[in-house]
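Here is a walk through one protein model, helix by helix and then charge by charge. Keep the viewer open and click along as you read.

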Amino acid sequence: MTRPLLITDCDEVLLYMIGHFCEWLEQDKGVLFDFEKPGFTNSMTRIGSGEKLDEAEMWGLLNAFFDDEMHRQTPVDGAMEAIGAIREHADVVVLTNLMDHRQDARAAQLREFGLDLPIFTNQGPKGPALKAILEEYRPSRAVFVDDLAQHHDSVGDSAPAVHRLHLCAEPRLARFIPCAHEAGHAHARIDRWSEALPWVLARLHGEDEEDTSHNE
């Protein structure tokens with residue numbers, strides 16, 4: 001019988017990203033990132049003038065971060081330990097929305113923190129990519145973890161039998177993003193790995209529990 005499978009996102013799930021991105025923007029680029037402004041395209045302004053960056057420049061800065069600044073990223077609290085515990089019971093792969101040419105860099109980045117995991121890169125909704133992973137691994141059960149609600153919606157459409165956990169470990173971001181659990185696209189919302197680990201293990205073991213939301 002095949003092993004269970006955890007399919008997890010990376011940024012804000014395994015590694016903190018947006019906080020380090022904001023620090024780099026302010027220190028090196030003279031740009032302020034405002035978490036309280038809705039939508040990524042409204043969040044960046046020039047320090048001093050308050051001029052809003054155009055969309056092309058914003059995406060250019062994000063791409064530059066992933067090309068040259070990923071070394072700034074640090075592990076999410078409890079994530080490395082949780083993944084280590086999960087690997088004792090299940091296979092673990094990373095499904096990350098990065099351009100394909102960054103696959104090796106992401107793999108090397110995670111290895112530096114002790115996680116040697118298969119990396120699947122993707123652009124756009126994650127449902128079709130996750131379905132392809134399921135076809136490759138043929139797991140007995142599967143759990144999907146991601147910080148963005150739209151990916152839970154997509155996975156729910158493509159692979160409804162997969163258990164879906166909405167987890168966003170960055171508190172400054174978590175309070176503003178739409179909740180996939182409240183929208184009915186995820187089975188639970190838990191933003192701390194200390195609480196998420198038992199939930200994930202229970203699903204990988206085939207234990208049924210009530211859907212939960214552990215937000216504060």
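## Helix α6 and its buried residues

In α6, the buried residues are Ala149, His151, His152, Ser154, Val155 and Gly156. "Buried" here is under 20% relative accessible area, "exposed" is over 50%, and "partly exposed" is anything in between, using a 1.4 Å probe and protein chains only. Helices (H or I, at least four residues) and strands (E, at least two) are DSSP runs, numbered from the N terminus. The buried set of α6 packs against α5, β8, β9 (163-166) and α8, where contact means heavy atoms within 4.5 Å.

Before going further, some housekeeping: this is a predicted model, in which local features need pLDDT of at least 70 and side-chain atom pairs count only at pLDDT 80 or more, while totals for chains, interfaces and linings use all residues. Residues are numbered from 1 along each chain as its sequence is written, and side-chain values use heavy atoms, with hydrogens and water left out.

## A closer look at His151

Leaving aside residues up to four places away in sequence, His151 touches Asn97, Gly124, Pro125, Lys126, Phe144 and Asp146.

## Helix α5: one side in, one side out

Now move to α5, residues 127-137, where Gly127, Ala129, Leu130, Ile133 and Leu134 are buried. These residues sit on the same side of α5 because they cover an arc of only 160° around the axis, the arc being that of the directions from the helix axis to the C-beta atoms.

What does the buried side of α5 pack against? Its partners are β1 (5-8), β6 (91-96), β7 (119-121), β8 (142-146) and α6 (149-158). On the face turned away from that buried side, α5 carries the exposed residues Pro128 and Glu136. Just after the helix, Arg138 takes a positive phi of about 50°.

## Two helix pairs

Two packed helices are described by the angle between their axes and the distance between the axes. For α5 and α6, the angle is about 50° and the axes are 8 Å apart. Axes are lines fitted to C-alpha atoms, for helices over the stretch in contact, and angles run from 0 to 180 degrees between N-to-C directions. The two helices are therefore oblique to each other; under 35 degrees counts as roughly parallel, over 145 as roughly antiparallel, 65 to 115 as roughly perpendicular, and the rest as oblique. The crossing of α5 and α6 is right-handed, meaning that the near helix is turned clockwise from the far one by less than a right angle, with anticlockwise being left-handed. Gly127, Pro128, Leu130 and Lys131 of α5 make the contact with Ser154, Val155 and Ser158 of α6.

The other pair is α3 and α9 (residues 193-204), which pack at about 15° with their axes 10 Å apart. That angle makes α3 roughly parallel to α9. This crossing is right-handed too. On the α3 side you'll find Ala79, Ala82, Ile83, Ala85 and Ile86, meeting Trp193, Leu197, Val200, Leu201 and Leu204 of α9.

## Gly78 and Ser194

Gly78 belongs to the loop between β5 (74-75) and α3 (79-87). With 31% relative accessibility, Gly78 is partly exposed. How far apart are Gly78 and Ser194 in sequence and in space? They are separated by 116 residues in sequence and by 6.4 Å from C-alpha to C-alpha.

## Salt bridges

Side chains of opposite charge can pair when their charged atoms come close. The model has 13 salt bridges, each a side-chain nitrogen of Lys or Arg within 4 Å of a carboxyl oxygen of Asp or Glu. One of them joins Glu36 to Arg175, with the closest N and O atoms 3.7 Å apart. This pair links distant parts of the chain, 139 residues apart: Glu36 is in the loop between β3 (31-33) and β4 (44-46), and Arg175 is in the loop between α7 (171-174) and α8 (180-183). Glu36 is exposed at 55%, and Arg175 is exposed at 59%.

Arg46 and Glu51 form another salt bridge, at 3.3 Å from N to O. Arg46 is partly exposed at 26%, and Glu51 is partly exposed at 43%. Glu195 and Arg192 also pair up, at 3.0 Å from N to O. Finally, Asp9, Lys126 and Asp146 are linked in a network of salt bridges; Lys126 and Asp146 are also among the residues that His151 touches.
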